[in-house]
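Visitor: I have a model open and would like to go through its inside. Can we start with the pockets and then move on to the rest?

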Amino acid sequence: MADSGRVGHAMLLYENEGCGALPLALAFVQYLNCSHRHDGDSCGECRSCRQMSGLVHPDTHFVFPTNSSRKVDVQKPVSESFLSLWRELVLEKPYFLESELYEALGIEGKAGVIAIAEARSILAKLSLAAVEDGYKSVLMWLPEKMNAETANKLLKVVEEPPAKTIFIFVTHNPDRVLQTIFSRCQNYRVLPLPGEELASALEKITGEDRATAMQQAAVSGGSIGVALNAMGEREEYSRFMQIFKSLMTGLASRDLQTVLDSADMMSSLDSREKQKAFCIFAGECLRKIFLCQQDVPDMAAIAPDEREFFGMMASKASRTFCRKSLDLLDRSAMLLDRNVNQKMVFCDLAGQMFLIF
């Protein structure tokens, strides 16, 4: 696309969280603006490449969810107010997760949004001439966080941008991107990494042995961001597993009080992002139980010290429990996104799981 000069003015990259769509978008913009491309790659040495490598290219504008922060004192937060924190995170962890962004910006515990003030800021920037002799780019991370007012404000410029201006949207949930934006984009699926490739990358980045890297690759859904986060947050994994075991033990013994106590532990997690992360974690655990029920436990990549627990739960749970519970977890994550009271969400989740176990 870049070599032919026929570059789409609006592109949407769809990834599972942490699979590399953001680094891909950054590399694409760098290649577009490189003045000495060679053998299908940017040179890495020209002025434009150096600027992109440091995320300071004057014609590349970043947009991401924000909110009032404990780190940045602004009345109407927009991405530009947080650029230094954004650059620091992207350069340190290019495969970061949504929860890691909110922690870096100091807005953990709040819902990130792309508000109308962001749209006004984008329009003001695009009204100016390009500083360099290349493309002007707007790279928006998580366009599903835009409200309808913001999307409507940007609609015309996304549909008919100025010459040599492109929009690149990176989403984890394309079905939640407003249809007015989605329909105006060329859509590309950024696939998860195969297990062997992911394991090799984890070995190189973390220095872990091959067996550990392979095990983590098997349970990370091909996402290098998820894998790196899990390997660096063993305390969080232990906490999540403790809650999940308490929940499942209560369900298996038909002890409603233990199940409700587990719901309290879920709602007491530090932030909504961690609560949503627990929903994803629980879904992965249910996948392991389901595979054990199908007599293919080797496909589940279960740690040796957890095999007895998952095997026991597989023997006690109904055959429809995992499928129905996954729907309940998806619904709970959606309600958390909509700022529904956490105690109500998890109490209802636990009660519904008790009924279907």
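Guide: First a term: a pocket is an open set of grid points with protein on both sides within 12 Å along at least five of seven lines. Note also that this is a predicted model.

Visitor: Fine. What volume does the second largest pocket have?
Guide: The volume of the second largest pocket is about 190 Å³. It is lined by 12 residues, and K93, E100, G225, L228 and N229 are the closest to its centre.

Visitor: Which helix gives the most to that lining?
Guide: Helix 10, residues 224-232, with four residues.

Visitor: And how does the lining of the second largest pocket split by class?
Guide: Five residues are nonpolar, three are polar and four are charged.

Visitor: Staying with helix 10, is M231 buried or exposed?
Guide: M231, which sits in helix 10, is buried. Its relative accessible area is 16%, and the cut-off for buried is under 20%.

Visitor: What is M231 in contact with, beyond its neighbours in sequence?
Guide: Leaving aside residues within four places in sequence, M231 contacts L202, T206, E208, T212 and Q216.

Visitor: How far is M231 from K274?
Guide: They are 16 Å apart in space, C-alpha to C-alpha, and 43 residues apart in sequence.

Visitor: What lines the largest cavity?
Guide: Its lining consists of E15, G18, C19, G20, A21, L22, P23, P94, Y95, F96 and W141. Helix 1, residues 21-33, supplies the largest share, three residues. By class, eight of the lining residues are nonpolar, two are polar and one is charged.

Visitor: And the second largest cavity, what lines that?
Guide: H61, F62, V63, I122, K125, L126 and V138. Strand 2 (60-63) and helix 5 (116-126) are the elements that give two or more residues to this lining. The lining of the second largest cavity has five nonpolar residues, one polar and one charged.

Visitor: Which residues of helix 5 are buried?
Guide: The buried ones are I116, A117, E118, A119, S121, I122 and L126. Strand 2, strand 3 (136-141), helix 6 (148-159) and strand 4 (165-171) are among what covers them.

Visitor: Are F62 and W86 buried or exposed?
Guide: F62 is buried, with a relative accessible area of 6%. W86 is buried as well, at 0%.

Visitor: How is F64 placed against W86?
Guide: F64 and W86 form a stacked pair, 4.4 Å centre to centre with 5° between the planes. F64 lies in the loop between strand 2 and helix 3, and W86 in helix 3, so the pair ties together parts that are 22 residues apart in sequence. F64 is buried, with a relative accessible area of 0%.

Visitor: Which residues do ring pairs link into a cluster?
Guide: F62, F64, W86, F96 and W141. Of these, F96 and W141 also line the largest cavity, and F62 lines the second largest cavity.

Visitor: Last topic, the nonpolar cores. How many residues has the largest one?
Guide: It has 43 residues, and those with the most contacts inside it are F244, M248, L251, F278, I289, F310 and F321. Helix 11 (234-252), helix 12 (256-267), helix 13 (272-293), helix 14 (307-316), helix 15 (321-337) and helix 16 (342-356) each supply at least two residues of this core. Helix 13 gives the most, nine residues.

Visitor: What does I289 touch?
Guide: Not counting residues up to four places away in sequence, I289 touches F244, M248, F310, M313, A314 and C322.

Visitor: And what lies apart from that core?
Guide: Another core, of 37 residues, with A25, L32, F62 and V72 among them.

Key. Residues are numbered from 1 along each chain as its sequence is written. This is a predicted model: local features need pLDDT of at least 70, side-chain atom pairs count only at pLDDT 80 or more; totals for chains, interfaces and linings use all residues. Side-chain values use heavy atoms; hydrogens and water are left out. On a 1 Å grid over the protein atoms alone, a cavity is a set of points where a 1.4 Å probe fits but cannot get out, and a pocket is an open set with protein on both sides within 12 Å along at least five of seven lines; lining residues have an atom within 4 Å of a point. Ala, Val, Leu, Ile, Met, Phe, Trp, Tyr, Cys and Pro count as nonpolar, Asp, Glu, Lys and Arg as charged, and the others, Gly among them, as polar. A nonpolar core is a set of buried Ala, Val, Leu, Ile, Met, Phe, Trp, Tyr and Cys residues joined through side-chain atoms within 4.5 Å. Buried means under 20% relative accessible area, exposed over 50%, partly exposed in between (1.4 Å probe, protein chains only). Contact means heavy atoms within 4.5 Å. Rings of Phe, Tyr and Trp (its six-membered ring) pair if their centres lie within 6.5 Å; planes under 30 degrees apart count as stacked, over 60 as edge-to-face and the rest as tilted. Grid points are joined across faces, edges and corners, and a volume is the space filled by probe spheres set on the points.
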